[in-house]
Amino acid sequence: MSLQSSRRPVPTVWLARVPQRWSSSLPMNTVVLFVPQQEAWVVERMGKFHRILEPGLNFLIPLLDRIRYVQSLKEIVINVPEQSAVTLDNVTLQIDGVLYLRVMDPYKASYGVEDPEYAVTQLAQTTMRSELGKLTLDKVFRERENLNASIVDAINQASDYWGIRCLRYEIKDIHVPPRVKESMQMQVEAERRKRATVLESEGTRESAINVAEGKKQAQILASEAEKAEQINQASGEASAILVKAQAKAEAIRVVAAALAQQNGNSAASLSVAEQYVAAFSKLAKESNTILLPSSTGDMSSMVAQAMGIYGSLSKPQPTKAASAEVTTPSTLQAPPPPLPPSIEYTEQEQQPSAS
């Protein structure tokens, strides 16, 4: 900062504390003065503040007016020295920074504080230590922007009476003790291993989910295929049953037409006899228990009985109205003769008779 003191002697202690950065002397009163741009010259008349010279041409009264301070209105960069600070979790840090400020009021900057640069630097250091004491070590690295903003606000509140405004504060370096640095490195490695394990487990889970989803889809497709197969098979069986029923109905119609012709009963008797003989040939082949009629050897009676049953079933049944008009029991149709009693033979009893 272009902050220059007057020509009066300066104490040696002050010079040792803050070395002078501007060695040029103050301008002399030459009646006609040219003030450079972005500079403010503070003029005193007879030892009292008179006015501030603006950039350009200015006139002063010799011997009475005197240029006491020269203030630069440009933005000034100040390096804040490295200092130690203790965090909330008792970790000692070495930290330094850079301060950006500007003189807003040359009068306050000249008469409000003896050395504005030194005052702002000390204020930045104390504010930095107090703000770091409120944060833990992890938050110091994560909240550097908030830390910088807090330091700027604290400096502006105090430097308002000095005519100086802090624009920015940036932390340059943060030095951590070696042991703390090693523990932080171990923590970072552990966190990375943890994330790798989590990612691996998530991959395993996704793989298991995909396999289960594939099995589910395969089972759904298999069940749909089985369902379609059963539907097709049932449809085929239904079609086969329908075709068989139609063929049987056609065969019955043909048999009925044949029986209606001449000698149809004789043909029916012959067919019944053939079926009787074929049935006897299969006796006791599937089970050792059989039922036989009492007149097994009388084939003619068996044929006559079968034809009688057929004749009783082939007669037309009386209608409901006609049956209601008939009241005498003599008009009722006689029931068909009972079947001859059957005799149960076992396989052991049948073998001697067959022999």
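The legends below describe close-up views of a predicted model.

**View 1**
Strands of a sheet pair through backbone hydrogen bonds, and the pairing may be parallel or antiparallel.

**View 1. The pairing of strand 2 with strand 3.**
Strand 2 covers residues 39–45 and pairs with strand 3 in the antiparallel sense over five bridges.

**View 2. The hairpin of strand 6 and strand 7.**
Strand 6 (residues 76–86) and strand 7 (residues 92–103) form an antiparallel pair with nine bridges. Ala 85 stands opposite Leu 93, which belongs to strand 7. Five residues lie between the two strands of the hairpin, and Asn 90 takes a positive phi near 60°.

**View 3. An aromatic pair between strand 5 and helix 2.**
There are four aromatic pairs in the structure. One of them joins Tyr 69 and Tyr 111 in an edge-to-face arrangement, with 5.5 Å from centre to centre and 80° between the planes. Tyr 69 is in strand 5 and Tyr 111 is in helix 2 (residues 106–111), so the pair ties together parts that are 42 residues apart in sequence. Tyr 69 has a relative accessible area of 10% and is buried, while Tyr 111 is partly exposed at 34% relative accessibility.

Tyr 107 and Tyr 111 form a tilted aromatic pair, with centres 5.1 Å apart and 45° between the planes. The two residues are four places apart in helix 2, so about one helical turn separates them. Tyr 107 is partly exposed, and its relative accessible area is 39%. Phe 49, Tyr 69, Tyr 107 and Tyr 111 together form one aromatic cluster.

**View 4. A charged end over a ring.**
The ring belongs to Tyr 100, and the charged end of Arg 168 sits over it. The distance from this charged end to the ring centre is 4.4 Å.

**View 5. Asn 58 in strand 4.**
Asn 58 lies in strand 4, which covers residues 56–59. With 8% relative accessibility, Asn 58 counts as buried. A polar atom of its side chain is 2.9 Å from the backbone oxygen of Glu 54. The side chain of Asn 58 also reaches the backbone oxygen of Gly 56, at 3.1 Å. Apart from neighbours within four places in sequence, Asn 58 is in contact with several residues, including Val 31, Leu 33, Arg 51 and Leu 53.

**View 6. Asn 156 in helix 5.**
Helix 5 (residues 144–159) contains Asn 156. This residue, Asn 156, counts as buried because its relative accessibility is 17%, and buried means under 20%. Its side chain reaches the backbone nitrogen of Cys 166 at 2.7 Å. When residues up to four places away in sequence are not counted, Asn 156 touches Arg 165 and Cys 166.

Note on methods:
Residues numbered from 1 in each chain as written. Predicted model: local features only at pLDDT ≥ 70, side-chain atom pairs only at ≥ 80, totals over all residues. Heavy atoms only, no water. Pairing = 2+ DSSP bridges. Phe/Tyr/Trp six-rings, centres within 6.5 Å; stacked < 30°, edge-to-face > 60°. Buried < 20%, exposed > 50% of the residue type's maximum accessible area, 1.4 Å probe, protein only. Lys NZ or Arg CZ within 6 Å of the ring centre and 35° of its normal. Polar contact = N/O pair within 3.5 Å; in protein donor to acceptor, adjacent residues only side chain to side chain. Contact = heavy atoms within 4.5 Å.
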